Amino acid sequence: MAVQPTRGFQISGVPMIDPKGRWYLLHATGERPLAPMELGLTQAPMADGVFFPRDRGRLGSSQMALQLHVTDAGRGHGGRTQRDRNLADLYNALQIGRETTVSMMIAGQLCSQRCIVTAGSAAVEHSAGLLKVSLILTLLEGVWKAEPEEEIVTGGTLATLSGCTGPARPMWSVRGPVTALEIRQGGQVVCSWGGSLPAGARLVIDGWKSWRVDGDAREWWAAPARAEVSTVQVSEAEPLLPNALGEYEFTTRIDGSENLAGKLSAYVSATYL
């Protein structure tokens with residue numbers, strides 16, 4: 001089987017193509033799986049008990065079968081003893097049975113999500129110095145995310161998300177003065193906030209939480225002290241979804257006006273299924 005060198009696959013920060021040649025990921029691993037949509041149970045008349053996909057519902061966990069070769073490369077004289085040492089090093093590095101992080105290259109970006117590695121089928125010995133190992137990787141978040149970026153919103157899309165595929169949840173920031181923010185996508189409100197923020201301050205919205213930042217904070221997305229967070233001023237918090245062209249179109253009103261005047265920013269990760 002051939003080595004798959006291009007996807008930059010890492011678990012717990014450990015490359016699955018080991019620079020020392022102790023193990024390497026195989027083509028047989030295949031591509032990342034699509035996470036299932038979590039279904040809801042309706043109680044509507046004439047349809048009681050019917051399962052249906054929730055609009056903008058969360059994605060469930062999925063599993064991926066990893067296939068690797070473990071070799072006898074490294075210090076020592078090779079053979080089964082060195083191969084078994086390398087296998088032990090691999091298991092320890094993967095944090096078997098404990099929650100960790102998996103990363104891989106998607107569309108030229110290093111993306112990651114939380115995961116748990118569990119044991120797979122019995123290893124197959126090709127020779128004293130070569131072992132094929134199959135492991136089950138449970139992907140916990142349903143989506144892969146790149147490192148987030150700040151973007152000033154100038155229109156009805158986010159350049160950071162262009163060409164992405166997964167539900168995106170930006171953090172939003174509005175410069176005061178402001179009393180109301182509403183973001184709609186496809187006729188549905190995905191973000192709604194109401195309150196009172198004076199000039200010189202900045203409003204930050206992260207899901208159902210919001211807080212105030214005074215002055216011109218460069219890293220406004222940094223988590224504040226717990227006492228500063230409000231959970232009552234946000235009345236809607238849903239993810240943005242892509243259209244058929246991979247664009248995340250939306251409309252924004254600040255105090256009832258669509259003139260953003262450079263007041264709205266987003267801190268968002270490129271997100272892929």
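How many bridges join strand 14 (residues 178–185) to strand 19? Four bridges join them, and the two strands run antiparallel. This is a predicted model, where local features need pLDDT of at least 70, side-chain atom pairs count only at pLDDT 80 or more, and totals for chains, interfaces and linings use all residues. Residues are numbered from 1 along each chain as its sequence is written, and side-chain values use heavy atoms, without hydrogens and water.

- Four strands make an open, antiparallel sheet in the order 18-15-14-19.
- Strand 18 (234–237) and strand 19 (251–254) are the edge strands, and each pairs on one side only.
- From one strand to the next, the twist averages 15°.
- Strands are DSSP runs (E, at least two residues), numbered from the N terminus, and two strands pair if DSSP finds at least two bridges between them.

- R184 stands opposite T251 in strand 19.
- Q185 lies in strand 14.
- A polar atom of the Q185 side chain lies 3.1 Å from the backbone oxygen of E249.

**The cavity**
- The structure holds one cavity of 30 Å³ or more.
- A cavity is a set of points on a 1 Å grid over the protein atoms alone where a 1.4 Å probe fits but cannot get out; lining residues have an atom within 4 Å of a point.
- The lining of the largest cavity includes P33, S62, Q113, W144 and L273.

Terms used: On a 1 Å grid over the protein atoms alone, a cavity is a set of points where a 1.4 Å probe fits but cannot get out, and a pocket is an open set with protein on both sides within 12 Å along at least five of seven lines; lining residues have an atom within 4 Å of a point. Grid points are joined across faces, edges and corners, and a volume is the space filled by probe spheres set on the points. Axes are lines fitted to C-alpha atoms, for helices over the stretch in contact, and angles run from 0 to 180 degrees between N-to-C directions. A polar contact is a pair of N or O atoms within 3.5 Å; within protein, one must be able to donate a hydrogen and the other to accept it, and residues adjacent in sequence count only if both atoms are side-chain atoms.
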